[in-house]
Amino acid sequence: MKKVIYYFILCLYMLPFSGFAQKVGLVLSGGGAKGLAHIGVIRALEENNIPIDYITGTSMGAIVGGLYASGYSPDEMETLFKSEDFKLWFKGIIPPEYVYYFKKLDENPSFIDLDFARNEDKMKLALPTNIIPPGQIDFAFMELFSPANAVAENNFDHLFVPFRCVATDIYLNKPVVFGKGDLGLAVRASMTVPFVFKPIEIDSVLLFDGGLVNNFPYDVMQQDFKPDIMIGSAIEFKNKKPKKDDLKLQIWNMMVRKTSYSIPDSLGITIKPIVDNFAFLDFEKFDEIENVGYKAALAQIESIKSRISRRSNLESLTRNREEFRSKSPTMVFNNIQVSGVDGSQRYYVIQSIRHKSKTFDLEGLRREYFKILADDKIKSLLPTADYNKSSGYFDLQLKAEQQKPLAVGVGGYFSLSDVNQGYIGLDYRLFNNLPITLQTNIHIGKFYSSFMVGSRFNFTTKQPFSLDLYFIKNRFNYFSGSTELFFEDKRPHYVIRNDDNIQLDVSFPAKTTSKWEAGINFVNQSNNYYQTTNYTSNDEPDQTTFTAGNLHARFEEKAFNKKQYPTEGKMFKFEAAYIFGTEKEEPGSTSTDKLPYRKEHQYIQLELSYKRYFKSSKWLTIGIETNSYFSTKGLFNNYTATLIAANNFEPTVNSTIRYLPYVRANNFVAGGLKAIIPISPSTHFRLEGYYFQPFKELLSDSNNKPYYNDRFFTSNQFIGSGGLVIHTPFGPASLLLNYFSNSNPRFYVQASFGYLLFNRHEN
């Protein structure tokens, strides 16, 4: 009996040294897109039956490690990281189909927005803390990690693989190790690169990327799990001595604590994939980066096998992974709790999500979540999901942050021609029982100048709606000929269009990307023009005014990825209007008339517009655009005034800055195609061609009186544009060759930067 007890004790003593009991820890460093090599390392280990019993990671290593610990296989991670969704997450771009059009304010040419907040009775600039908006990545991490966290009951030791990740306490500049709590928040904190992503707060501690203090946490592995051996996958950052003019490297060296990227030989083996040729954000190069990690692991696989005698079974591993994932509850939500805002604001957020339903699924939450983020009064909305075992549903926690009350936008359009614009806009946001946005802006330029003051009232009833009230003054100055590159027409403007517009609209959401709108506006249009192109500075222009009321209703759907030069998305608009007003003409020196003229007008107009982009292949996107306009509008007193008052077709950016009489008509159909060839994620070549067909050609007699050709479809026009467009963080830069048929000259080159966008105006 004593011998049996002796051998039993000896076996227990020897058990840790046997292959059966040998525990293996995997350590993953940070590294941005370079950290995708970790997936290749994991793939190689699994294929060679090397067990992974624990996992620790920092930054990108925390993302890969957290996914693996949640039961994601290398193949599933590959699918995720190569998906279009992932690309949008790390760019902070909300997919067009989730952009809540009802909440969007009118687009403006701003390329930088500055927020101001009251501090000690003074308005102070609130500097931006992040480049990439956090909404997408916050929601994605909740979606990815909450099911596994529910199975583990917030204890990272009970995940498919026990897990730790590291973040940095900004105030104390020390590492924070997460082994429990919300898994998505922990991973989100670990990968929060300063100035790129917004820091998050957990348990009153503000956190940044763990790579600042511990980018290769093998010490955390050793301390928390005490494995028999460690395998490290290290993306080594070589510290460089900064030069006097290299501010970026100086800041990096000040922020990042020096890290050892080698596990001591007595504790384990370090794999160092050589990824120096890849950039920090090269997520598009997944296959190449993963393959580097895979080959680096295979190069050391025999050494790994010699030190790890225990083997896992891939089939058994897959079966266990599926079993763990099968325990994950479906993400259906019941209770909602909102923090960071007051009572009325909390009610606004909750009602925006819940509506009439007691429960809502993940897709329903996604749709409503992005609707709230579209609100100009909400800056961020950090979501977490806690599983409630008693109810069988997830409880949604939302940590809201308001936008600063005052926003100032600065932007414009700058070119090598005479068309240059400056813009400044102010928005003041009131977030209470009746959310209100007060707006004003000014456009200053030789071609276009404008002043606008307005307000939007958002009513948070069961059927939400908004009320817009605007007063706008616009002035367009058109030359007789083209605005040439580097040159300008020295004569007076051929046409000067002024309109004063008071507009009241009520809007209702239709679907996520569409809305219904109805309203009334009162317009006083005053057009100064010459009835011949052969005029001099001594000539007096004619003046025609049209004072009118406009009752209108429209349905509009719009979801583009860019304010200008989009490459994906769609737009559909149908508008019906009844217009009544008075035309008055004061003849000038180029007119055959000598007496003032007055006439009453009333007519109906219908407009139908459609734009859409289709991704034909990786290297080609096709766009289509159609525009149809029908009206019972009568002719004005002279030919030129009739053309100016007619609706115009402006399919390209540069067609909006030219007076093109041959693409103006009271009834027409038009359309065209676009070919977009991507050169890089931010650069593309764009080729566009459009056909314009009036129902009847507008002609003039010897006294410049207008009349229609008796025959239909006798005249048509063509507009073309092609060139290079580069989307920068501040706006698009373009170099385009434009073609306008029946124009002199027909070809027109425009090099520009910025947005050419106008306040609301009559065509």
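1. A word on exposure first: buried means under 20% relative accessible area, exposed means over 50%, and partly exposed is what falls in between, with a 1.4 Å probe and protein chains only. Arginine 188 is buried, with a relative accessible area of 2%.

2. Some ground rules. This is a predicted model, in which local features need pLDDT of at least 70 and side-chain atom pairs count only at pLDDT 80 or more, while totals for chains, interfaces and linings use all residues. Numbering runs from 1 along each chain as its sequence is written, and side-chain values use heavy atoms, leaving out hydrogens and water.

3. The overall picture. The protein chain has 763 residues, and 53% of them count as buried. It holds 15 helices and 34 strands; these are DSSP runs numbered from the N terminus, helices being H or I with at least four residues and strands E with at least two. Along its principal axes the C-alpha trace spans about 130 × 55 × 50 Å. The accessible surface is about 35300 Å², with 57% belonging to carbon and sulfur atoms (Shrake-Rupley method, 1.4 Å probe; for residues, only the protein chains shown count as cover). Of the contacts with a separation of 6 or more, 66% are between residues 24 or more positions apart, contact meaning heavy atoms within 4.5 Å.

4. Back to aspartate 157. You'll find it in the loop between α6 (135-152) and β5 (163-169). Leaving out residues up to four places away in sequence, aspartate 157 touches Pro162, Arg164, Gly179 and Phe225. One of these, glycine 179, is 22 residues away in sequence and 7.1 Å away in space, C-alpha to C-alpha.

5. Arginine 188 sits in helix α7 (residues 183-190). Beyond four places in sequence, its contacts are Pro134, Ile137, Asp138, Phe141, Phe197, Lys198 and Ile200. Its C-alpha is 9.5 Å from that of leucine 207, 19 residues apart along the chain.

6. Arginine 188 also turns up where α6 meets α7: Ile137, Asp138, Phe141, Phe145 and Asn149 in α6 face Leu183, Gly184, Val187 and Arg188 in α7. By class that is five nonpolar, two polar and two charged residues (Ala, Val, Leu, Ile, Met, Phe, Trp, Tyr, Cys and Pro count as nonpolar, Asp, Glu, Lys and Arg as charged, the others, Gly among them, as polar). The axes of α6 and α7 are 7 Å apart, at an angle of about 135 degrees. The pair is therefore oblique (under 35 degrees is roughly parallel, over 145 roughly antiparallel, 65 to 115 roughly perpendicular, the rest oblique). Axes are lines fitted to C-alpha atoms, for helices over the stretch in contact, with angles from 0 to 180 degrees between N-to-C directions.

7. Now for α2 and its partners. The axes of helix α2 (residues 37-47) and helix α10 (residues 286-299) come within 6 Å and cross at roughly 45 degrees, which means α2 is oblique to α10. Their contact has nine nonpolar, two polar and three charged residues.

8. With helix α4 (residues 74-81), α2 packs at an angle of about 160 degrees, axes 10 Å apart, so α2 is roughly antiparallel to α4. Ile39, Ile42, Arg43 and Glu46 in α2 meet Pro74, Asp75, Met77, Glu78 and Phe81 in α4. That contact comes out as five nonpolar, no polar and four charged residues.
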